[in-house]
Amino acid sequence: MSYHLFNRPGSGGFVVEAALTLAEADFELIELDSKAGTPLPESFRETNPWGQLPTLILPDGSTMTESSAMLIHLAACFPEKNLGPDPGTSEHAAFLRWIVFASVNLYESVVRRGYPFRFTDDEDGYKAIRTAAIRRMGEALLVIEDNIKGPFLLGDTMSLADIYIAMFFIWHRGEIEAPRLFALTQAIRSHPIVGPIWRRHFGER
């Protein structure tokens, strides 16, 4: 049985699609006819009760959610593809650190900016939630900027963490001075395997 990835164009499932492709895994991409930043059809809750994308059906038929968890899982499932450092090493500890950091701080900021109604019942507060989310995301990106070993986050070798962080970097709406993140993102855009997937989701961003 193959993997089944539910996503929509321009959404965070891009990075899971890239991971599956780099792993040369057998998978089917099911793209919902829905724009990023808009609510998903209620019918999708039959697949994922939390109603979120991406959602990954594993070869054994079980359902996996949370893109950060999917990246960690896929790196472990395909160790020969070098999607992340070897478990037990300090590099792997850093890999886990930054994927979780991105999930908690960057993804959360994106969600707050795009779906402020999830975080307050006061419509007058939507703008404040959005502006605070943009500010907080910029602060988190600068923490990553200062920790990039170069040219990739962990040094000379690209990992799934780099692809994940590059996606968030182009999603940031504020002004930021981050030359290392810019160079990292350029490397992801130009990658022979990841680049075409990037352009299908994000164009030339």
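**The sheet and its surroundings**

Reply: An open sheet of 4 strands is present, in the order β2-β1-β3-β4 and with mixed pairing. Its edge strands are β2 (27-31) and β4 (63-65), each of which pairs on one side only, and the twist from one strand to the next averages 20 degrees. This is a predicted model, in which local features need pLDDT of at least 70, side-chain atom pairs count only at pLDDT 80 or more, and totals for chains, interfaces and linings use all residues. Residues are numbered from 1 along each chain as its sequence is written, and side-chain values use heavy atoms, with hydrogens and water left out.

Me: What do the element names and the word pairing stand for?

Reply: Helices (H or I, at least four residues) and strands (E, at least two) are DSSP runs, numbered from the N terminus, and two strands pair if DSSP finds at least two bridges between them. In general, strands of a sheet pair through backbone hydrogen bonds, either parallel or antiparallel. Here β1 and β2 pair in the parallel sense over 5 bridges, and leucine 5 has leucine 29 in β2 as its bridge partner. Strand β3 (residues 55-57), in contrast, runs antiparallel to β4 and is joined to it by 3 bridges, with threonine 65 in β4 as the bridge partner of threonine 55.

Me: Which way do the side chains of β1 point?

Reply: The general idea is that in a regular strand the side chains alternate between the two faces of the sheet. In β1, Tyr3, Leu5 and Asn7 point one way, His4 and Phe6 point the other way, and all are buried. Buried means under 20% relative accessible area, exposed means over 50%, and partly exposed lies in between (1.4 Å probe, protein chains only). Because 5 of the 5 residues of β1 are buried, this strand is largely enclosed by the rest of the structure.

Me: Which strands does helix α2 lie across?

Reply: Helix α2 (residues 67-77) lies across β1 (3-7), β3 and β4, and runs at about 120 degrees to β4. For such angles, axes are lines fitted to C-alpha atoms, for helices over the stretch in contact, and angles run from 0 to 180 degrees between N-to-C directions. Contact itself means heavy atoms within 4.5 Å. Serine 67, found in helix α2, is buried with a relative accessible area of 6%, and leaving aside its neighbours within four places in sequence, serine 67 is in contact with Val16, Pro54, Tyr107 and Tyr164.

Me: Why do the buried residues of α6 line one face of the helix?

Reply: To judge this, one takes an arc, which is that of the directions from the helix axis to the C-beta atoms. The buried residues of helix α6 (residues 179-189) are Leu181, Leu184, Thr185, Ile188 and Arg189. Seen down the axis of α6, these residues fall within an arc of 140 degrees, so they line one face of the helix. They pack against α4 (126-145), α5 (160-171) and α7 (194-202).

Me: At what angle do the axes of α6 and α7 cross?

Reply: Angles under 35 degrees count as roughly parallel, over 145 as roughly antiparallel, 65 to 115 as roughly perpendicular and the rest as oblique. The axes of α6 and α7 come within 7 Å and cross at roughly 100 degrees, and the two helices are therefore roughly perpendicular to each other. Where they meet, Thr185, Ile188 and Arg189 in α6 touch Val194, Gly195, Trp198 and Arg199 in α7.
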